Amino acid sequence: MDNPQENHAIYDNSRFQHDEARPPPYSPSQGIYPSLPEQTPSYVAVNPQIINTHHTVTAGTPHIMPKTGSNKCHWKHILCIVLCVLCALAVVGVLLWYFLYYQCLVGKPCRSGGKCLSSSQWCDGVRDCPHGEDEAYCFRLYGTNFILQMYSSSDETWRPVCAESWNINYGKAVCEQIGYKRQDYVSYSQISAGSLASKGYMKLKPGSNYGSSLQKQFTYSNTCSARAVKLQCIACGQSSAAPTTRIVGGTEAVNGAWPWQVSLQVMGNHICGGSIISPYWILSAAHCFETYSSPSLWLVYSGDVSLFQMRFNAGRKVDKIISHEEFSTTSNDNDIALLKLQTPLSFTSKVRPVCLPNIGVNVFPERRAWITGWGTLRSSGSSPDILNQAQVTIYSRQTCNSPWVLDGEVTQTMICAGELRGGVDSCQGDSGGPLVVKDGELWWLAGDTSWGFGCALRNKPGVYGNVTYFINWVYEQMQNN
């Protein structure tokens, strides 16, 4: 995690080799226009007086042209015009359908299938999309104060939820809809919405019942006699021994410092890291499961900084491995995965979840963050028994993609962090582990360790999955599984 080594490209997971001839992270866009029918051939009217140029007319014999031939040509011309008009109308209809429905220029598309919904159909309490995503992201938590917001489909605006008539049952129902279990629920309270209330509130209708569709129970209100709802769905982001001062290079962590860190093991060997986000769910990197894809092969260990000591604890069996459906083995785009455990973790001072980033939490560039893991201490070096920790800087995507840094390979699904001068980085075996930031009094998961060029090289910071980018995907998997 700390020393610069030879300048060759590798992935943090030693089983995942970097391709020197990697294609650019963004492939050229495919054509979006449908192929049009071949042009309808035009018909040319023929002069009946020259139909038969070899016919000889006897002197004095009247030259009478066949009447029937003239009529046939006349009706063919009319039929041709009608067919051309119908074809043109059909083409216009197809193009209108394509742009208004398939391309969904009006309304929003269902991500799970080519269905276009009007804006008013989102968060109206009726599942219209095949996988129900139109009703999946109607509530969210904002900022370090966990202010509850609801999406208003009438004007496509997020508004704070007014605390009038609110109770614990509504809190549990909303947390469950977000993706947590009712038993994880912590509490609700009232808090000032501040500038978030500049466009009004979403407020419970009189006579609302939390047992029915939640989205149907709310209406817009310009005012709120109470304050906004502050909602905590899970006790997360608390550390009893995290370092408070900057550390140069990597150092050993102490128990309780990073209680969300887990070791993912196959046949007793540490393969990757991961982060606890709920009693049942671990967040890691998709590339960790390319070789060992069967859930039955994996055990999840937690509760200690020593790999040796953790093996005296019972590892948790994995029920499901859900890798992002668009993960690319060539660009490492969408490198995120979730593991669902067969039995839940019991939370203690040494086993706790990290907070998933709320909208408004500061994970912006040029701020300090921490990485942890049992990865090698240098490229192709030995792995430690004790969890290591190091402080790094999160860089802007513009800096990451500079020609002298990572040369355009960092996509919107990634962030890069480290030290441009070198000397601090994640390395092989750290894959899937957390990149965390502290905002307010809590720790937030900003990234999962993904890939890099060597370890701790100058101008080669490590690359991490952008958890903020994936937050809706994460909650969707928790809801559906």
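**Surface, pocket and salt bridges of the predicted model**

Glu156 counts as partly exposed because its relative accessibility is 43%, where buried means under 20% relative accessible area, exposed over 50%, and partly exposed in between (1.4 Å probe, protein chains only). The structure is a predicted model, in which local features need pLDDT of at least 70 and side-chain atom pairs count only at pLDDT 80 or more, while totals for chains, interfaces and linings use all residues. Residues are numbered from 1 along each chain as its sequence is written, and side-chain values use heavy atoms, with hydrogens and water left out.

Glu156 is found in the loop between strand 4 (147-152) and strand 5 (157-160), helices (H or I, at least four residues) and strands (E, at least two) being DSSP runs numbered from the N terminus. Most residues other than glycine have a negative phi. The phi of Glu156, however, is positive, near 55 degrees. Met267, which is not a glycine either, has a positive phi of about 50 degrees and is placed in the loop between strand 11 (261-266) and strand 12 (269-276); with 68% relative accessibility, Met267 counts as exposed.

The largest pocket holds about 820 Å³ of space. A pocket is defined on a 1 Å grid over the protein atoms alone, as an open set of points where a 1.4 Å probe fits, with protein on both sides within 12 Å along at least five of seven lines, and its lining residues have an atom within 4 Å of a point. The volume is the space filled by probe spheres set on the points, which are joined across faces, edges and corners. Of the 33 lining residues, Arg111, Tyr137, Ile471, Asn472 and Trp473 are the closest to the centre of the largest pocket. Helix 5 gives the most to this lining, with five residues.

The structure holds five salt bridges, each a side-chain nitrogen of Lys or Arg within 4 Å of a carboxyl oxygen of Asp or Glu. One of them joins the side chains of Glu164 and Lys203 (3.7 Å, N to O), and this pair links distant parts of the chain, as Glu164 lies in the loop between strand 5 and helix 2 (168-178) and Lys203 in strand 7 (residues 201-204), 39 residues apart. Lys203 is buried, with a relative accessible area of 18%. The side chains of Glu419 and Arg421 also meet in a salt bridge (3.1 Å, N to O), and salt bridges that share partners join Arg368, Glu419 and Arg421 into one network.
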